[in-house]
Amino acid sequence: SLQTGNALAELLGRLKETQIRLAQEHGHYVPLAVKIAPDLDEDEIADIASQLLDYRIDAVIATNTTISRPGIENLNLAEEAGGLSGKPVFQASNRVISQLRAALGSDFPIIGVGGVLSGADAKAKIEAGADFFQTQFVYDLDMVKRYMARLADFGVTEKAFFIMGVGPLGSVKSARWMNANLFGVNVPEPIIARMEAAEDQAKEG
């Protein structure tokens, strides 16, 4: 695993060296955030926290997807390989955030990810120790406005910052796949139509 011990130390060391070199070359410092999994025990989380401080990493993202299957054990696709995101990772993510906050202190930036489907969920992440939230991929501005309005009703927009997830769309096929398969993601039809009309879909996306 690259998430603990010497393997993590080597990875963080190289990343930090590269970050500093590029900052010197270009006169611009780009913060470095490390994203970790929820499938970690207390000792592993403590080791990660220690190394984040030792290598002066700028932030931590908690968490990535889980390889466990909490709450969906009896569903047809539960045995498929790969990471699980969304609501099933919510509690595990909050546990990691809480342990990181205790280990890292009050000033280290923690970006909370995983299962934030409501204002109450966002409030729970803040209470666990998150300073920021990262959303699922977002391409629909009206959806963003509605989402932020609901969060404002819970008072959480005054207590944490929100990072909207945006990524390139490689093709119309991938955009339609995301609409059909990724919960909460909506690539609006005008964007898809613009890609369909473009000579280079990936460049347009």
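Trainee: What should I know about the numbering and the model?
Mentor: Residues are numbered from 1 along each chain as its sequence is written, and side-chain values use heavy atoms, without hydrogens and water. The model is predicted: local features need pLDDT of at least 70, side-chain atom pairs count only at pLDDT 80 or more, and totals for chains, interfaces and linings use all residues.

Trainee: At what angle do H1 and H2 pack?
Mentor: About 25°, with the axes 11 Å apart. H1 covers residues 5–26 and H2 covers 42–54. The two helices are therefore roughly parallel (angles under 35 degrees).

Trainee: Which residues make the contact?
Mentor: Gly5, Leu8, Ala9 and Leu12 from H1, and Asp47, Ile48, Gln51 and Leu52 from H2. Contact means heavy atoms within 4.5 Å.

Trainee: Where else does Leu52 make contacts?
Mentor: Beyond four places in sequence, Leu52 contacts Leu12, Val34, Ile57, Val60, Leu104 and Phe108.

Trainee: Switching to cores. Which members of the largest nonpolar core touch the most others?
Mentor: Ile36, Leu52, Val60, Leu100 and Leu104, out of 21 residues. Such a core joins buried Ala, Val, Leu, Ile, Met, Phe, Trp, Tyr and Cys residues through side-chain atoms within 4.5 Å. A second, separate core has 10 residues, including Leu169 and Ile192.

Trainee: Now Thr63. Buried or exposed?
Mentor: Buried, at 2% relative accessible area; the cut-off is under 20%, with a 1.4 Å probe and protein chains only. Thr63 sits in the loop between S2 (59–62) and H3 (90–104).

Trainee: What does Thr63 touch?
Mentor: Leaving out residues up to four places away in sequence, its contacts include Ile36, Pro38, Ser93 and Val113.

Notes: Axes fitted to C-alpha atoms, helices over the stretch in contact; angles between N-to-C directions. Helix = DSSP H or I, 4+ residues; strand = E, 2+ residues; numbered from the N terminus. Parallel < 35°, antiparallel > 145°, perpendicular 65-115°, else oblique. Buried < 20%, exposed > 50% of the residue type's maximum accessible area, 1.4 Å probe, protein only.
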